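Biologist: Got the fold open on my screen. Can you walk me through the strands and how they pair?
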Amino acid sequence: MTASSPENVEYKNRQRQGWDDVSRGWEKWWTLFEKGAQVVSDRMVRLASVGPGKRVLDLATGIGEPAVTAARTVGPDGLVIATDFSEEMLAIGKNRAAKIGLENIEFHCLDAEEVDRLDGLFDAVLCRWGLFFLPDLRNSLEKVRHRLLPGGRLVSAVWAEPERVPALSLPIGIAAQILQRQLPSGSGVFSLSDPAALTKIFRDAGFETVQTEELVIAAEFASADEFVQFTRDISAPMRMLIADQLPQKHEEIWDAVAQASGRFAGTGGRISMPLTAVIAVAQ
C-alpha cells in the first residue's frame with residue numbers, strides 16, 4: 001500500500017480509532033505492563049548510545065515509551081520528540097511526563113510514516129513495538145534514515161514468533177479459531193519476527209550496519225481473570241478482530257482465553273507469560 005492509497009487511508013483510520021478506543025485501558029494498566037517492558041526501553045536507549053545532551057526521536061510512542069526513559073537519560077541539555085498518531089494515547093504519555101517533571105520532552109500527534117515533516121536531525125530514533133503497523137515500511141525507514149545525523153542509530157523492538165509471545169498470540173489465536181477465521185501468515189504484530197528478514201528490510205532502506213538481538217521479558221498477572229481483563233482493556237488488535245460479534249460470542253471467546261491461560265499458572269493461580277522481543281540496531 002502506498003501512503004496515499006485508499007486502502008492505506010482506511011487502514012490508518014481503523015488503527016487510529018482502535019488505539020483511541022483502548023487508551024483508557026492503557027492508562028489503567030500501564031504500570032503493570034511496564035514492570036516487564038521497562039527493561040526493553042532501557043536496553044533500546046543503551047543500544048542507541050543515548051546520552052546527556054542528545055536529541056532523540058521516539059516513533060509510535062503510545063503511552064510515552066521509550067521516550068520517557070530517553071528523556072531521563074539525555075538530561076536537561078537534551079531533547080526528546082515523542083510522536084504518535086493517536087491523540088488519546090499521546091495524552092497518557094504527556095501526563096506521565098508531567099507527573100515526573102520532565103521538561104525536555106515534546107509530544108506531537110504525527111503518523112510514523114510522516115517523519116519527514118519534522119524539523120532538524122536526531123542522534124537516535126527509537127520505536128518500541130510500532131514498526132509492524134506501518135504498511136509502507138521500507139519508505140518509512142528511508143525517511144527515518146534521512147532524519148539521523150551521521151553515525152546516528154535507529155533502534156526498534158518488534159515481537160518474535162507467535163509461540164514465543166503467548167500473552168499476545170494466545171487470545172488472538174483462540175478468537176480466530178472460534179470465529180473460524182484464517183489469519184494471514186506472518187501478518188500483524190508478528191510480521192517482523194524473522195531477524196534475517198528484518199535485517200534485509202533495514203538494509204534495503206539504506207542502513208549500512210544492522211544487528212539484532214533477543215530479549216525475553218515476563219508479563220505477570222494475579223490470575224487468569226486479571227489477564228483476560230488486561231487484554232480486553234488494552235488490545236486494539238483483539239478488539240478489532242471481534243468487533244463485529246454479538247456479546248454472547250465475546251464472552252465465549254474470553255472464557256476460552258481464561259481457560260487456556262491456565263497452563264501458565266503457578267503458585268496461587270498467578271499467571272506468568274514470557275514475551276520475546278527482537279531488537280534491531282541500524283546505523
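Modeller: One term before we start: two strands pair if DSSP finds at least two bridges between them. Also, this is a predicted model.

Biologist: Fine. Which residue stands opposite M273 in β7?
Modeller: That is A219. Strand β6, residues 210-221, is joined to β7 by 12 bridges. The two run antiparallel.

Biologist: And how many bridges join β5 to β7?
Modeller: Six, with β5 covering residues 148-159. That pairing is antiparallel too. A157 stands opposite I279 in β7, and W159 has A277 as its bridge partner there.

Biologist: Is β7 mostly covered or uncovered?
Modeller: Mostly covered. Of the 12 residues in β7 (271-282), 10 are buried.

Biologist: Zoom out. What is the strand order in the sheet?
Modeller: β3-β2-β1-β4-β5-β7-β6. It is an open sheet of seven strands, and the pairing is mixed.

Biologist: Which are the edge strands?
Modeller: β3, residues 105-109, and β6. Each pairs on one side only.

Biologist: What does the twist average?
Modeller: 20° from one strand to the next.

Biologist: Now helices. Which strands does α4 touch?
Modeller: β2 (79-84) and β3. Helix α4 spans residues 87-100 and packs on the sheet. Its direction makes about 170° with that of β3.

Biologist: Where does α6 lie?
Modeller: Across β5, β6 and β7. Helix α6 takes in residues 166-178 and runs at about 110° to β7.

How values were computed
Residues numbered from 1 in each chain as written. Predicted model: local features only at pLDDT ≥ 70, side-chain atom pairs only at ≥ 80, totals over all residues. Heavy atoms only, no water. Buried < 20%, exposed > 50% of the residue type's maximum accessible area, 1.4 Å probe, protein only. Helix = DSSP H or I, 4+ residues; strand = E, 2+ residues; numbered from the N terminus. Axes fitted to C-alpha atoms, helices over the stretch in contact; angles between N-to-C directions. Contact = heavy atoms within 4.5 Å.
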